[in-house]
Amino acid sequence: MYTLSLKVQKKNGLHIRLAATFIITLQSLLKDKEAIKNSYVIYKDKKVQANNLLSLVSLKIEQGEEFLLTCADEIPPHVTNQIVELFEEKDVENVKEMEADLMMMENSYILQEAFTKLPNGVVVVDRDNVITYVNDAAVKLLEKPPNELYNHKANAVIPQSRLHTIMKTGQPEFAQKQKINHYTILTNRSPLIFQDKVIGAVAVFQDISNLEKITKELKEVQELQQRLDLVLQSVSDLIALTNEKGEFIFINDEMDGMLIKNKKKKKIQSIIGDNLWKSHQKCPEPFMKIIQVNHQLTYITKINPIIFDEIFRGTVVTLSPLDEIKILLQKLELMEERTKYLERELSKHQKLNSAFNKIIGNSEVLLESLSMANKVSKTDSTVLITGESGTGKELVARAIHETSDRSERSYIRVNCSAISPNLIESELFGHEKGAFTGAYKVHRGKFELADNGTIFLDEIGDLNLDLQVKLLRVLQEKEVDRVGGFEPVTINVRVIAATNRDLAKMIEEGKFREDLYYRLNVIPIHLPPLRSRKEDIPLLIEHFREHFNQHLGKNINGFEHGLIEILSNYHWPGNIRELENIIERLFNLTEDDFLKIRDLPHYIYKEEGSSASQKLDLLPASNILTLEEYERQIFTHACQYYPSYNQLSHALGITHKTAAKKIRKYGLEHLLGKKYQNT
């Protein structure tokens, strides 16, 4: 880069005539157009292109001030001398020329400032379509710095500039809409003609993006207004808008029809009365009131104030026929009841995860419990499974684990009643080396082994109170203390507990901690006894037939007539485990390819033979009572064997709602499920 320092000696400084002479001199001395294009004048941190007349004049370089001329290539000495001489003061200055130069200088500066401050973009090109001037607004719209615009072809840097076309045709173009970057602009283009020759062209841009946005918003508001009008006209309620005096400024057809029919003035006072309106004006708050318009029409009237700039401007009034509201509420209540019923039924019959396929049965009471287990399997919440011995609590616990996100991790089963009280703490929580006699090494407890997996605490009701306290701490703090240890071990375990005991009764007796019970009973799942789902007994018998055929190497194809009926009528105190043992007994005793009644234990015969008399003993043999008293006895007897209204309703063949109503009627809530574990 070659730099030449120049000093202006002229009295009027770098005026317009001197600047023009300077540019002409450069163009005559430097034949290379690219060299001229890449030449700049630098003055007081301002840098402009040397061949831009308006930009040079706008620098306001005064007499005695220096500026720099930079060129890409070195300027020959003879050219340098001519440029330096150009700015030297002449011996004799023509006064009139000086005054003329000063006037041109002022006018050119005014013109420069006027174009620069214009809100519209201005671009000027010479006869070669090269940009010679852009103002600030054009720079902003084009989103390019001035040095990327000056001395470049307009059609190369401005999309759809068309200035070269204007110079060819000599015809101006007005209000041409186009997109530049993200702006929408209107462009006016005109040729510049001097002495009947086109010497350039000018384009003026006007940004109309905001105008288009406002127009679009206005159109959207108009559409919204039309939609609002259609909505207000289509609803069945009576709707109106009032001004601050209570006069209706809008009413829909329903409101208009009511006012005409009842010969009411189109003012809110004709509906709610003057006193209520005056009260509302003084304290404009939303209110709702039942108002009788005539002897036959009663409306629920809602009035909401319109407040703008903290000034009361009017109200929005809606009138809803009271009779229609009552009917809708009744329908809504009915639909809610239907929906709740369908949701309950759907939840029972939703497809269970395949992990639950090992649990045999299609009865509603069983599916209700399995559906609950299936839902909670994806969570990490603690589950408490209750039910009599032999109902399949461990199968459900394992299915929950296999369905959960922990299925790839450990599943640890602990039978709390099968481990010696002296060893169970060490088995559950582990011990350190030397913690007691025989502790030769560190022992990790069941909770540590189940880390990131699931631990199943079977027969949780058999834990002593001391261990219950420690288990509660594990559930709360998520950490265990090994026997003889000093530092707790952090664990991440999902706990599933199970019991066949009545924990609520044990709490009353002081044998089980209430706080531990509530910590375990986050998600309770009750498995019904086999006698409560007798429709599943044939399915279970068939399942065990296939199972023992495979494991005992037999080929039992069927059953003696009446066998399944006898087994279905037995009350099964040992539940599924007892049924499995009975089927295994029959397999071992039969000598044929079918199972026989004679191989059944005697007590099952006895149960079957006495069942009819047991049923008859439920009712008194004499002294005929009222139907209501018999009903009370039936519900008193039945509700003790079923822990929920749902199970009771299915057993008696009535609806859930009827069962709940009768239990509440006779005050039998305290008897629900009292004997179902001991029947």
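On helix α4, P77 and E85 are exposed (over 50% relative accessible area, with buried under 20%, partly exposed in between, for a 1.4 Å probe and protein chains only). They lie on the other side of α4 from its buried residues, V79, T80, I83 and L86. The model is predicted; local features need pLDDT of at least 70 and side-chain atom pairs count only at pLDDT 80 or more, while totals for chains, interfaces and linings use all residues. Residues are numbered from 1 along each chain as its sequence is written, and side-chain values use heavy atoms, leaving out hydrogens and water.

**Helix α4**
- Helix α4 spans residues 77-86; helices (H or I, at least four residues) and strands (E, at least two) are DSSP runs numbered from the N terminus.
- The buried residues V79, T80, I83 and L86 cover an arc of only 120° around the axis, and therefore sit on the same side of α4; the arc is that of the directions from the helix axis to the C-beta atoms.
- The cover over these buried residues includes β1 (2-7), α1 (16-29) and β4 (66-71), where contact means heavy atoms within 4.5 Å.

**Cavities**
- The whole structure holds two cavities of 30 Å³ or more; a cavity is a set of points on a 1 Å grid over the protein atoms alone where a 1.4 Å probe fits but cannot get out, and lining residues have an atom within 4 Å of a point.
- The largest cavity has about 50 Å³ of space, a volume being the space filled by probe spheres set on the points.
- F447, V474, L475, K478, I491, V493 and V495 line the largest cavity.
- Among the residues that F447 touches, not counting those up to four places away in sequence, are V474, I491, V493 and V495.
- The second largest cavity, of about 40 Å³, has Q178, R189 and F205 among its lining residues.
- β7 (173-180), β8 (183-194) and β9 (197-207) each contribute at least two residues to the lining of the second largest cavity.

Key
1 Å grid on protein atoms, 1.4 Å probe; cavity = no way out; pocket = protein on both sides within 12 Å on 5 of 7 lines; lining within 4 Å.
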